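Please load the model in your viewer and keep the selection tool handy. We will walk through it stop by stop.

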Amino acid sequence: MSKVKITLGGINEDEGSSKEYKTGSWRTMKPEVDIEKCIQCFKCFDYCPDAAVHKTEDAIEFDLDYCKGCGICEKECPVDAIVMVKEEK
Amino acid sequence: MAEQESRTVKGNMATALGAKLCRPNVIPAYPITPSTLFPERISEYIADGELDASMVRVESEHSAMSACIGASASGARVCTASASQGVALMHEMLFIASGMRLPIVMAVGNRALSAPINIWADHQDTVSSRDAGWMQFYSEKNQEGLDLMIMAFRIAEDERVLLPAMVGIDAFVLTHTIEGVDVPAQEDVDDFLPPYDPPHGKLDVDDPATFGSFGTPEYYQELKHDQTVALEETDEVIDEIFDEFEERFGREYNRLNNYKCDDADIILMTMGSMSGTARAAVDELREEGEKVGLAKLTVFRPFPGDLLKEIAGDADGLAVVDRNISPGFGGAAFAEAAGTFINENKNPLMKNFIIGLGGREIFKENFKEMYHKTKEAVEAGEVKEPVEWINMNEEIMR
Ligand code: SF4
Ligand code: SF4
């Protein structure tokens, strides 16, 4: 559960605060990557509709604060380096 | 007591006068019968230099309420007027105004909803907006329309409230009927109603804030709870401000007005302009020795259940008179009244009377009939027909 307090009328007076607003909560499946298999083609990065794939030095990582668990990255990965697993909360 | 000027005005002029005295900054409005005179009058005030405000001529009521929301979020004092289909078209935006805690005030010329098309008095328009999170006030006469506009701004803008409010005046019976009103002086209203200074952020390009943000399942329920508690707690603020208004301007208001109810066996509960007719019927019945009283709803939302329990808790019968119908159950006030008593050990037998839909005239005799029907149920100890339609023309029914 979130710990950010609600405000009067949901009005947020902090600028640029949407970064603090995590929207990945309704996911039921989450992606996991096998870095050994990854060939760094970045198709997952291109196809993720939520910009929830970040490039790292040796492969990619998922930003689970925003990932919605849609599974597009898994479908697009040419070497099956991504698998969707059940989210346990 | 403050000096006041006597005027004779139509109901729409009374609400427009009340609004003008509150010095609104922005009035977005779309004309609709029977409340068109309100924006007409406001635009005259602006043209004549009597009111320094922006009138926004929008293309629909949905846009009118949208503009109200934007203007109010920027910190302006905002009012509008509408009726019937107009209020229905605003429906979506009404929830946004209350959810964003914007103290917009709207005068409504209470009118029936189509179909069939009908422009006359009926509370269906605002009653159907019951769950939009607005306060709802209803007027018995033009004076109340004027006074309630002024009080609605004060209550809505109170830091403990910050919620929008509707002030209803019945179509034609009030909107187009000329009555005498006492008009408070500008400086006295200025004293009563300080400038609006919202405690929450404003829409301001130099100091950005987010309004109407995304409310995920982790937040939505708490936000709705916060808003709901705020509406429920306006009871106290309304009482306080009604009292202060009476001290300053000499006219008494109650959320639920008690007329001869203290020793009454049977109480009629009404809302809007029909209340005057009901009071006359109560007086005549009293002369005939009947122990009857009248409870008049000035505030329908938040529902004054606490006062209803006080006023009618010891009565034998309660006749709830509704100028609206929620098909599939009964009148809206009846449902509220029944709910009010649900966990009480003692409650009056309750009957619901549907009357005056689409401007059908309401007579003293109708109230006497309702009284006697309720008395019969009380004497029989059972309510055979909880919801009855009064003053029906059997000859034209199919
Ligand atoms: S699509 Fe597959 S192989 Fe390509 S970068 Fe993403 S995880 Fe690596
Ligand atoms: S599951 Fe969907 S949202 Fe999550 S990283 Fe993959 S493509 Fe993006």
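Two strands count as paired if DSSP finds at least two bridges between them; strands (E, at least two residues) and helices (H or I, at least four) are DSSP runs numbered from the N terminus. This is a predicted model, in which local features need pLDDT of at least 70 and side-chain atom pairs count only at pLDDT 80 or more, while totals for chains, interfaces and linings use all residues. Residues are numbered from 1 along each chain as its sequence is written, chains are lettered from A and ligands numbered from 1 in the order in which they are written, and side-chain values use heavy atoms, with hydrogens and water left out.

**Stop 1: chain B as a whole.** Select chain B, which has 13 helices and 15 strands. Its radius of gyration (over C-alpha atoms) is 21 Å, close to the 21 Å that the globule rule (2.2 Å times the number of residues to the power 0.38) gives for 398 residues, so chain B is as compact as a globular protein of that length. Of these 398 residues, 56% count as buried, meaning under 20% relative accessible area with a 1.4 Å probe and protein chains only.

**Stop 2: a covered strand.** Now pick β6(B), residues 135–138. Are its faces covered or open? Both are covered: M135(B) and F137(B) on one side, and Q136(B) and Y138(B) on the other, are all buried. Within β7(B), V167(B) is the bridge partner of F137(B).

**Stop 3: the six-stranded sheet.** Next, show the open sheet of chain B with the order β9-β11-β10-β13-β14-β15 and mixed pairing. Its edge strands are β9 (256–259) and β15 (387–389), each pairing on one side only. Zoom in on β9(B) and β11(B), residues 292–297, which pair in the antiparallel sense over four bridges; here N257(B) stands opposite K296(B). Then select helix α11(B), residues 305–312, which packs on the sheet and touches β9, β10, β11 and β13 of chain B (contact means heavy atoms within 4.5 Å).

**Stop 4: the ligands.** Finish in chain A by selecting what lies around each ligand, counting residues with a heavy atom within 4 Å of it. Around ligand 1 you will find, among others, C38(A), C41(A), C44(A) and C77(A). Around ligand 2, the residues include C48(A), C67(A), C70(A) and C73(A).

Definitions and conventions: Axes fitted to C-alpha atoms, helices over the stretch in contact; angles between N-to-C directions. Buried < 20%, exposed > 50% of the residue type's maximum accessible area, 1.4 Å probe, protein only.
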